Amino acid sequence: DEALRGSEQRYREVVDNVSEGIIVVQDEVFVFFNPAALRVTGYSWEEIRGQSFSGFTHPDDLAAVADRYRRRIAGETNDPRFEFRVLRKDGAAIWVQLSGVMIQWNGRPANLYFVSDIDERKRAEAALRHSEERYRLLVDHASEGILISQEGILRFVNPRIAELAGRGIAELTGQPL
């Protein structure tokens, strides 16, 4: 009994203190959430226990999340990692990445997921894409010719350079300056 209590205590210390969220879903409902996963959602265990994951998944992502869940339960192998948006208690939609595996929970199939909040990364990626789009518009519509050469080879030319040279962008790229 003492060895079992010690083992349970060590397990609880790891699960409760790890920074990665841990979730178990069985029959499409939450049967386990560690404190890190609760922090991601903003809900308490009492509020989320026994609830379907569908109520916490962004509507635009729900079909894909449900499909992945059902395919995994059916035994299909798919990429264990995927990204989607969850709905926090405060109403915010945030991006998470789940990594999952099949397990047995109380003698029945379930999904064990490790969840990471990737919302900040997704926002940074979107900001970078937006910045790149603005840069591309400026460069592509500039009245001046813009080129980049490296070791005497054209690595980039904008449409104005191609127009001035009377050749296509692809035709100029990679050619000697």
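Predicted model: local features only at pLDDT ≥ 70, side-chain atom pairs only at ≥ 80, totals over all residues.
View 1. The rings of F30 and F33 form an edge-to-face aromatic pair, with 4.8 Å from centre to centre and 90 degrees between the planes. The structure holds 7 aromatic pairs, this one among them.

**View 2. The aromatic pair of Y43 and F56.** Y43 and F56 are paired edge-to-face, their centres 5.0 Å apart and their planes at 90 degrees. The pair links distant parts of the chain, 13 residues apart. Y43 belongs to the loop between helix 2 (35-41) and helix 3 (45-48), whereas F56 belongs to the loop between helix 3 and helix 4 (62-73). Both Y43 and F56 are buried. Together with F30, F33 and W45, these two residues form one aromatic cluster.

**View 3. Surroundings of F30 in the largest nonpolar core.** The largest nonpolar core has 22 residues, of which I23 and F30 touch the most other members. At least two residues of this core come from each of strand 1 (21-26), strand 2 (29-33), helix 2, helix 4, strand 3 (81-87), strand 4 (93-105) and strand 5 (108-117). Beyond its neighbours within four places in sequence, F30 is in contact with residues including I23, V25, W45, I48 and F56. Its contacts also include R49, Q51 and S52.

**View 4. The second core and the pairing of strands 1 and 2.** A second, separate core comprises 6 residues, including V15, V24, F32 and L112. Two of these members face each other across strands: V24 stands opposite F32 in strand 2. Strand 1 and strand 2 run antiparallel and are joined by 4 bridges.

View 5. Five strands form an open sheet in the order 2-1-5-4-3, with antiparallel pairing. Strand 2 and strand 3 are the edge strands, each pairing on one side only. On average, and with direction ignored, neighbouring strands of the sheet are turned by 40 degrees against each other. Helix 5 (residues 119-140) lies across strand 3, strand 4 and strand 5, and runs at about 135 degrees to strand 4.

**View 6. A lysine over the ring of W95.** K122 lies over the face of W95, at 4.4 Å from the ring centre.

Terms used:
Residues numbered from 1 in each chain as written. Heavy atoms only, no water. Phe/Tyr/Trp six-rings, centres within 6.5 Å; stacked < 30°, edge-to-face > 60°. Buried < 20%, exposed > 50% of the residue type's maximum accessible area, 1.4 Å probe, protein only. Lys NZ or Arg CZ within 6 Å of the ring centre and 35° of its normal. Core = buried A, V, L, I, M, F, W, Y, C linked by side-chain atoms within 4.5 Å. Contact = heavy atoms within 4.5 Å. Pairing = 2+ DSSP bridges. Axes fitted to C-alpha atoms, helices over the stretch in contact; angles between N-to-C directions.
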